[in-house]
Amino acid sequence: MQSGRIRSIIASIVVLCSGMALASGRVSAQGGNAGAMSVVPATKVIVFHPAGTTKSSVKGNCDMSESAALDRADAWRCAAGNIIYDPCFSAKAHATTVICDATPLKPVGITLTLSKPLPTHLPAHGRQVWFLKLGDGTICSFLTGATGAVSGQRLNYGCTNQNYVLGDP
């Protein structure tokens, strides 16, 4: 008898929670103030690879070493004249060309022909987030130069809405 009562209570809780989830979906879909009941989409991790290159090619080097923007074994910080590209992507170890100026927003980049082959890359941990797309559609990208700090946290990401994201996501 006790076991049947517990099952009935659990079933009621499941129905109640399901109803709350449906209600919160309706509130969000109607554009109302969902408050604590709003549904947040799941985080998606997308590994970016350039889609290709334009016909343009420039000469440069990757003497600056690994990328400051992206912690991957195929990502480099390179330069052509006074222009710094970070990250540039290599197709293989010790490559003599890399693809630069490609981002998730502009997946076709330029070819940078190197004056010497790439060095051996240090082991990458893959923990650095390069681009973020926030729930409202705002795009934020990792800032590789000097930035500021707020309450001891670095301004790590600059966003398309002129705001910043502090620290690591």
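**View A. S151 sits in the loop between strand 8 (149-150) and strand 9 (153-159).** Strands here are DSSP runs (E, at least two residues), numbered from the N terminus. This is a predicted model, where local features need pLDDT of at least 70 and side-chain atom pairs count only at pLDDT 80 or more, while totals for chains, interfaces and linings use all residues. Residues are numbered from 1 along each chain as its sequence is written, and side-chain values use heavy atoms, leaving out hydrogens and water. S151 isn't a glycine, yet its phi is positive, at about 50°. Its relative accessible area is 77%, so S151 is exposed (over 50%; buried is under 20% and partly exposed lies in between, with a 1.4 Å probe and protein chains only).

**View B. Q162 is in the loop between strand 9 and strand 10 (164-166).** Here's another positive phi in a residue other than glycine: Q162 has a value near 70°. Q162 counts as exposed, at 66% relative accessibility. For background, most residues other than glycine have a negative phi.

View C. With a relative accessible area of 14%, R72 is buried. Leaving aside residues up to four places away in sequence, R72 touches V47, F48, H49, F89, H121 and A124 (heavy atoms within 4.5 Å).

**View D. The peptide bond from D86 to P87 is cis.** Omega is near 5°, and P87 belongs to strand 3. Most peptide bonds, by contrast, are trans.

**View E. The second largest pocket has a volume of about 230 Å³.** A pocket is an open set of points on a 1 Å grid over the protein atoms alone, where a 1.4 Å probe fits, with protein on both sides within 12 Å along at least five of seven lines; lining residues have an atom within 4 Å of a point. Volume is the space filled by probe spheres set on the points, which are joined across faces, edges and corners. Of its 15 lining residues, Y85, D86, P87, T103 and W130 lie nearest the centre. Strand 3 gives the largest share of this lining, 4 residues.

**View F. The largest pocket has a volume of about 1,000 Å³.** Among its 26 lining residues, K44, I46, F131, L132 and K133 are the closest to its centre.
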